[in-house]
Amino acid sequence: MFLLRQPGGTTVATKVTRNPRVSSTVQVKRHDLVAQHFASHTPVVLGTATEAGLDVIVTAAPAVWSLDEAIDRLGPTPGLHAVWRDVVAALVTVWRSTAQPGFDPANATRKHDLRCRRGHQGLEDALTGELGPPSQWSNLVINRRDSMSWSRAFGRLLGVGRPDFRVTCHGDPHAGNVLVAADGTWYLVDWEWSGDHHDWRMMISHLLGGWYVRDLMDHASGTATATPDGVLLDYVIGGTPRLRQFADPAAEAFRQMTTPAQAEQDLSDVARYVALLLLREIPRAALTGRRHLIAPLLGECVRLTMGDHARHPAMRLLASSIRAAA
Ligand SMILES: Nc1ncnc2c1ncn2[C@@H]1O[C@H](COP(=O)(O)OP(=O)(O)OP(=O)(O)O)[C@@H](O)[C@H]1O
Ligand SMILES: [Mg+2]
């Protein structure tokens, strides 16, 4: 991504990708869908080009920081919290106005089973050398307390239920994909996964999980060891979650979207989607030399697939928001 200042003083963003998963032409179509619902919150596309395996998309740059970067520089200020609340409220409004009966995983804009299999493959590539193949982790022992086989945890991860309806969404709503201007105006970027066939519970996992994963990765540390008794994951979560307040809007969104009859199932499905976000961080952590994160990421991923997710720190807020509503 390059920010280019033009002679007139305006700035444009130029994103260059080699062999993109979603071509710039398709991204423009997806941009148009987002623009249809978030007109004043979507930068305009100025042009695209494809040349020798390189894909280029040029868009207006109405702001230079993402919300993530703004928090890095300014801290989690009340103003940035208000921006995030506004973003989430706008997403929920669109979910509600575009809800259509029927959600079919085979037609979903983001396919959960495919994401799980990529996550599994990443785990295998990153950890087999050290811990043996994941298929043989028949006893993962988490802080000497909980234990489960990886196959069972992975089966539970795959086994999310279906919502009753599908919704239109940006598709990857995390703080790195929200630009914030100095006056608090915000814009959605990165439209790769925008579409009209989303599971809102997966979208909630992004609204919630981004903050949870970031806090976890800032403070947690531990070791993963293969022993004759199984793979031992010993870790501490550490530190107080700095960004916990940023999960409030997701809890409110969950309360608005679920129903008393579905709440239990929805909660356990959001937990599985959050578990997948943790799983997908493991190869990145291993590749970038942050091996102390492997045990906490894997351990919390497995814990989120166990039956008592309502008490899990990532999920407590959602669980209490539905208890309060009941
Ligand atoms: N139109 C824009 N104006 C200004 N900055 C932008 C714009 N689009 C993207 N950016 C910045 O570039 C970053 C990456 O862009 P984008 O999210 O589209 O790509 P990505 O596929 O997520 O890439 P990466 O994996 O590097 O984040 C964003 O987080 C944001 O900070
Ligand atoms: Mg992005």
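The following legends describe close-up views of a predicted model.

In this predicted model, local features need pLDDT of at least 70 and side-chain atom pairs count only at pLDDT 80 or more, whereas totals for chains, interfaces and linings use all residues. Residues are numbered from 1 along each chain as its sequence is written, chains are lettered from A and ligands numbered from 1 in the order in which they are written, and side-chain values use heavy atoms, with hydrogens and water left out.

View 1. The side chain of K15 places an N or O atom 3.0 Å from an oxygen atom of ligand 1. A nitrogen atom of ligand 1 lies 3.1 Å from a polar side-chain atom of T59, and a nitrogen atom of the ligand is 2.9 Å from a polar backbone atom of A60. Ligand 1 taken alone exposes 600 Å², of which the protein buries 67% (Shrake-Rupley method, 1.4 Å probe; for residues, only the protein chains shown count as cover).

**View 2. The magnesium ion (ligand 2).** Its protein donors (N, O and S atoms within 2.8 Å of the metal, or 3.2 Å for Na, K and Ca; water is not among the atoms, so sites may look incomplete) are N177 (OD1) and D190 (OD), lying 2.2 Å from the ion. The pair links distant parts of the chain, 13 residues apart: N177 is in the loop between β9 (165-169) and β10 (178-180), and D190 in the loop between β11 (186-188) and β12 (195-198). Helices (H or I, at least four residues) and strands (E, at least two) are DSSP runs, numbered from the N terminus.

**View 3. Helix α5 (residues 150-158).** W150, A153, F154 and L157 are buried (under 20% relative accessible area; exposed is over 50%, partly exposed in between; 1.4 Å probe, protein chains only). Seen down the axis of α5, the buried residues fall within an arc of 95°, so they line one face of the helix; the arc is that of the directions from the helix axis to the C-beta atoms. They pack against α4 (112-131), β7 (140-142), β8 (146-148), α8 (263-287) and α9 (294-305).

**View 4. H206 in helix α6 (residues 200-219)**. H206 is buried, with a relative accessible area of 6%. Leaving aside neighbours within four places in sequence, H206 is in contact (heavy atoms within 4.5 Å) with R110, R115, G171, D172, P173 and L277.

Terms used
A polar contact is a pair of N or O atoms within 3.5 Å; within protein, one must be able to donate a hydrogen and the other to accept it, and residues adjacent in sequence count only if both atoms are side-chain atoms.
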